[in-house]
Amino acid sequence: MSQLLSTDPIAPRDRLAYWTDMICTTYVQLECDAPRGDRFGGSIQSHHLPGLDLSVVRSCAQRVVRTPSFISRATDDCFIVSLQTKGHGVISQDGRNAAVAPGDFALYDSTRPYTLQFSEDFEEIVLKLRGEQLRALVAGTEQLTATTVSGRSGAGHLMASMVTALRGEVDTLPAASAAAVASGVISVLVAGLQSLPACSRAEPSTMGAYHVARIKRHIDGRLRDPALTIESVATDLGMSSGHLHRLFKAEPQSPSHYLWGQRLDGASRELLDARRTKTSVAEIAFGWGFNDAAHFSRAFKERFGQSPRGWRAQGLAEIRG
């Protein structure tokens, strides 16, 4: 689903105030000032993908500030990634300044003050994702904010290419494809952040990696078993639950997050199976190890951005053409 917000229909004297309302609604509460307030203009084209919001921002020179007072009154906890496509900008947070040129991107955290400075007309692609979502994938995120990831090579270049291509196709993607693409974008984002010198995520030992793979295989083989718990996995594999959790220390997800994520992914695929249209959402949830339909619906919406019924209806409609 796409939404376009623009200052074009607004009287020139009111455009900056309207723009401030636009960015607060789309992202988080912010202050904004501009050197050309009387000639200000801008637009935001927003798209929603499961677990990820993507928007294209075009506007004039401006300074945007996330203040401590806004943070103290907010419940927002999200990470925002700015991928510069035209013009230049500077992102400041945690005592660091990231200068971004076209193709570069940088990360910032809504739970701490930051400043965005654009000294000329610019365009950027902005990704917004839940704080807990990224923290589960990358350790030490507070050391990675306001640090430029170059778009000239490596994961940064792949990220720029992938997101730039996605902006032109996002409204045509079926629901299942959109989920897969969003997951791919997040994976490339993580790779780009992990390429930064400050990334503190430790590489697992060979033996540790072997045991983690063994644990995951065991979980994957019993996803539909409602009696499956992390404690039972540890018992089945002849280890303590404390040792199992220690093995996952270097993993992006805890063992419980891995288990429930795999179950949700399985349920999402089954909801889009045309052969299962007569199977209720609750039956599918219970078939994937959930024992509470309300909990399943909440967890599903948090992961995929819409209810299980909405996911199924949209996906099946797209499959039928």
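How many salt bridges does the structure hold? The structure holds 17 of them, a salt bridge being a side-chain nitrogen of Lys or Arg within 4 Å of a carboxyl oxygen of Asp or Glu. This is a predicted model, in which local features need pLDDT of at least 70 and side-chain atom pairs count only at pLDDT 80 or more, while totals for chains, interfaces and linings use all residues. Residues are numbered from 1 along each chain as its sequence is written, and side-chain values use heavy atoms, with hydrogens and water left out.

**View 1. Arg36 and Asp121 are joined by a salt bridge.** The side chains of Arg36 and Asp121 meet with an N to O distance of 2.8 Å. This pair links distant parts of the chain, 85 residues apart, since Arg36 lies in the loop between strand S2 (31-33) and strand S3 (42-49), and Asp121 in the loop between strand S10 (114-118) and strand S11 (122-130). Helices (H or I, at least four residues) and strands (E, at least two) are DSSP runs, numbered from the N terminus. Arg36 is partly exposed, with a relative accessible area of 28%, and Asp121 is partly exposed at 47%; here buried means under 20% relative accessible area, exposed over 50%, and partly exposed in between (1.4 Å probe, protein chains only).

**View 2. Asp77 and Arg135 form a salt bridge within a network.** The closest N and O atoms of Asp77 and Arg135 are 2.9 Å apart. The pair links distant parts of the chain, with Asp77 in the loop between helix H2 (68-72) and strand S6 (78-86) and Arg135 in helix H3 (residues 131-135), 58 residues apart. Asp77 counts as partly exposed at 35% relative accessibility, and Arg135 is partly exposed with a relative accessible area of 35%. The network of salt bridges links Asp77, Asp94, Arg96, Asp109, Arg112 and Arg135.

**View 3. Asp104 is buried yet has no salt bridge.** Asp104 lies in the loop between strand S8 (96-100) and strand S9 (105-109). The nearest side chain of opposite charge to Asp104 is that of Arg152, 4.2 Å away, where Lys and Arg count as positive and Asp and Glu as negative, and His and the chain ends are not counted. A polar atom of the Asp104 side chain lies 3.0 Å from the backbone nitrogen of Gly151. Not counting residues up to four places away in sequence, Asp104 touches several residues, among them Ser82, Thr148, Gly151 and Arg152, contact meaning heavy atoms within 4.5 Å.

**View 4. Ser82 makes polar contacts with Tyr108 and Glu124.** Ser82 is found in strand S6 and counts as buried at 1% relative accessibility. The side chain of Ser82 makes a polar contact of 3.0 Å with the side chain of Tyr108, and a polar contact of 3.3 Å joins the side chains of Ser82 and Glu124. A polar contact is a pair of N or O atoms within 3.5 Å; within protein, one must be able to donate a hydrogen and the other to accept it, and residues adjacent in sequence count only if both atoms are side-chain atoms. Leaving aside neighbours within four places in sequence, the residues in contact with Ser82 include Ile91, Asp104, Phe105 and Val126.

**View 5. Aromatic rings form pairs and a cluster.** Rings of Phe, Tyr and Trp (its six-membered ring) pair if their centres lie within 6.5 Å, and planes under 30 degrees apart count as stacked, over 60 as edge-to-face and the rest as tilted. By this rule the count comes to seven aromatic pairs. Tyr108 and Tyr114 form a tilted pair, 4.6 Å centre to centre with 55° between the planes, and both Tyr108 and Tyr114 are buried. Phe118 and Phe122 form a stacked pair, 3.8 Å centre to centre with 10° between the planes, and Phe118 and Phe122 are each buried. Ring pairs also link Trp260, Phe290, Phe296, Phe300 and Trp311 into a cluster.

**View 6. Helix H9 is mostly covered.** Twelve of the 17 residues of H9 are buried, including Tyr258, Leu264 and Glu270. The side chain of Glu270, buried at 9% relative accessibility, meets that of Arg276 in a salt bridge of 2.4 Å, N to O. Arg276 counts as partly exposed at 31% relative accessibility.
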